[in-house]
Amino acid sequence: MSHVSPPYGRRTFLKRLAWGASGAVLAPALLQACGRGPGGNTGDGAGDGGGDRGGELVISTFPLYIDPGAPGAPGSVERFSKDTGIRLRYVEDVNDVRQFFARIRPQLAAGQPLSQDLVVLTSWMAERLIRLGWVEPLPLADVPNARNLIPSLRNPSWDPQQRYSLPWQSGIAGIAYNIKATGRELRGIDDLFDPALKGRVSALLEMRDTMGLLMLADGKDIRRPTWEEAQPSFDRLEKARRDGQIRRFTGNDYQNDLLAGNLAACIGWSGDVAQLALEQPDLRFLVPESGGVLWADVMLMPKGARHRKEVAQWLNWVYDPIEAARIAAAVQYISPVEGVRDILAKDPATAALAASPLMFPDAAEQKRLHIFGPLSDSEEARWEERFARITEG
Amino acid sequence: MLPLLALVPLSLSEPLSRFGLDTVFNGRIANYLEVLQTYGPILVRSFGFAAIATALGLVLAYPLAFAIRFRGGRWQPLLIGLVVLPSLTSYLVRAIAWTSLLGDNGPVLALVEALGLTGVLDGLGVLRDGRLLNTAAAVILGLTNNLLPFLVLPLVVAMERIDPRLLEAANDLHAGPLRSFVQVVWPLSLPGLGAGILLSLIPAAGDVVNPLFLGGPNERMIANTIDNLLLVQLQAPRAAALTLVLMALITLAVLLQLRGRGIEELPLP
């Protein structure tokens, strides 16, 4: 079980993140660690802005999933444009991967290119897009920093040669709770069904996370999920919805309800809660006793993407450990880039993050994290239908 | 009408693959039976919420329209502007604003508690376990708020059409204010009432935002289901069938409303 308490307040955190020309706290340590000057590039070619500077790179991704910068300290998007000369349109329009898929499906099915050159989607959706042949191989020959990918995220079963995807961030689905509202520490999924919390609990609309956690609590193996084994968990969820135990099914918006005090506990994502805890010190994140669901969001190039070269430069840039460390410090998820932990540990402002078991789970913790296994098309349709009948009343 | 007509063959089709766009038309009436069987209760709930919100809206809108028409004087344009003003802001923003007001630590519940009404309202089913946000009452409140301009404006227009000489005549014939209202104002404002109901019931039944933000999973309305069928479950034929069922029910409601009178009689603003 892992509890995360905030190492410092949000204001302090943002202030400390305010790297800039005036001499920020973290920057010197980062630069020293990697032997790189401000605004420079890695010198390994792809990061060189000397190539095609006229292209505009368009990326669709989830909201609040990058270093936004601070007053006087440019964020990732601005720094990338400055470093490479590439205009970047960074669009935070992926709120629900299923709805995003529904939006891009007509064009991709008709063989037409999207306006996006790169999309960030959860791995199970990446698997679907790869299977449908709707993505291009990534220009990895021009991404030398791809070698920095951490071993545990290399060569997933759905992209065994790592041709089509590179992880953006990884994270854990578990339980978020407000200790003041619950009045006690929580231990596992059963706590969400405690009548004392009736009407003050929410679950995620992301089926694999919610069902994964419930099935783990029922002692099921979610690496190979089966319809039959899922039924008790579906039944339990349905009853909790009907009885008013579960107040809402949410996307990222559970954050507002947690902060506003409308929820005492919910199924949530590790990085979100770590960030929220900076604002609300009573918030905790818990990997349940029965285990947490490990997921990854990955970068994919949709079929017909126009700016391969710019995509390569972006991938190389975000896989630079310095930039990856800045992103990790801002979003507090599991970074896919090797070396990030050392960089964070060297700076007093971020040393606490380097010790976080949610950002850097050790071997024992990793054993308690499970990836939800694949579902065939027909199975998925059946699961989605049952889940929707629960979440949509 | 063309997009709607295009839904007819789609609603009688089957998808060729789970993720492709192509469907095959095979006259699959079962789509209709399945959606009616599965989502019938949500359809009933949607029209129930819409009807309650419209009724509540009328209770608020009628005196408001009356006051604007007969007591507004030179402030009439300003008062109408104030009624319309909230509808100029984003529908979504209004729903989100309501979440702050109706939240567990929000001012509405604080007031209810201060007045000692929590137990009573809980007993009446307005509150659920002492909370208001993510309940049926919150959804109906949000719907009512959105409908108000659609109810007030036709009523004001209808009342504007009342010849003041009729009221003078009633007065000359010694009719008191109540009798003037009952025998003159009320019957002549009925077309406005009809138009208001028409203009509010339709959008309310198809609302997607209020149940999403102010309701919980037990308060979803039919538009949320269509949204889910289309965008999450990728079942376009069933989504089309449900859309057409909804359209048919709304058309039926409109026809019932217009029965016995032409649309030209409705004082649409």
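User: What is the mean pLDDT of chain B, and what share of its residues reach 70 or more?

Analyst: Good place to start, since this is a predicted model. Within chain B, helix α1 (residues 2-11) of chain B has the lowest mean pLDDT among the elements, at 88, while helix α5 (residues 107-114) of chain B has the highest, at 96. For chain B as a whole, the mean pLDDT is 91, and the share of residues that reach 70 or more is 96%.

User: And in chain A, where is confidence lowest and where is it highest?

Analyst: The mean pLDDT of chain A is 86, with 86% of its residues at 70 or more. Residues 1-54 of chain A stay under 50, and the model has 94 contacts beyond four places in sequence for them. By element, the lowest mean in chain A is 33, in α1(A), and the highest is 98, in strand β4 (residues 135-136) of chain A.

User: Thanks! How many residues does each chain give to the contact between chain A and chain B?

Analyst: For the model's own scores, pTM is 0.83 and ipTM is 0.82. As for the contact, chain B gives 26 residues and chain A gives 26 residues.

User: Which element of chain B gives the largest share of the side that touches chain A?

Analyst: By class, that side of chain B holds ten polar, nine nonpolar and seven charged residues. The largest share is five residues, and they come from helix α11 (residues 222-231) of chain B.

User: How many helices and strands are there in chain B?

Analyst: Along the sequence, the pattern of chain B reads α-β-β-α-α-α-α-α-α-α-α-α-α-α. Its C-alpha atoms fill a box of roughly 75 × 50 × 30 Å along the principal axes. The count for chain B is twelve helices and two strands.

User: Are α7(B) and α9(B) roughly parallel or roughly antiparallel?

Analyst: Two packed helices are described by the angle between their axes and the distance between the axes. Here the axes of helix α7 (residues 136-160) of chain B and helix α9 (residues 177-205) of chain B come within 8 Å and cross at roughly 150°. An angle over 145 degrees counts as roughly antiparallel, so α7(B) and α9(B) are roughly antiparallel.

User: What classes of residue make up the contact of α7(B) with α9(B)?

Analyst: The crossing of these two helices, α7(B) and α9(B), is right-handed. Among the residues that meet are B:L147, B:F150 and B:L151 in α7(B), and B:V185, B:G192 and B:L199 in α9(B). The contact of α7(B) with α9(B) divides into 15 nonpolar, four polar and no charged residues.

User: How does α2(B) lie against α7(B), and what is the class count of their contact?

Analyst: Helix α2 (residues 30-71) of chain B packs on α7(B) with the axes 6 Å apart and at an angle of about 40°, which makes α2(B) oblique to α7(B). The crossing of α2(B) and α7(B) is right-handed. The contact of α2(B) with α7(B) has 23 nonpolar, three polar and two charged residues.

User: Back to chain A: which elements of domain 1 give two or more residues to the side that touches domain 2?

Analyst: The domain assignment of chain A gives domain 1 (10-170 + 296-359) and domain 2 (171-294 + 367-391). Their contact takes 15 residues from domain 1 of chain A and 15 residues from domain 2 of chain A. On the domain 1 side, there are seven nonpolar, five polar and three charged residues. The elements of chain A that give two or more residues to this side are α1 (10-17), α5 (123-132) and β5 (165-178).

Definitions and conventions. Residues numbered from 1 in each chain as written. Chains lettered and ligands numbered in written order. Predicted model: local features only at pLDDT ≥ 70, side-chain atom pairs only at ≥ 80, totals over all residues. Domains from an automatic or database assignment. Contact = placed C-beta atoms within 7 Å. Helix = DSSP H or I, 4+ residues; strand = E, 2+ residues; numbered from the N terminus. Nonpolar A, V, L, I, M, F, W, Y, C, P; charged D, E, K, R; others polar. pLDDT = per-residue confidence, 0-100. Axes fitted to C-alpha atoms, helices over the stretch in contact; angles between N-to-C directions. Parallel < 35°, antiparallel > 145°, perpendicular 65-115°, else oblique. Left-handed = near helix turned anticlockwise from the far one by under 90°.
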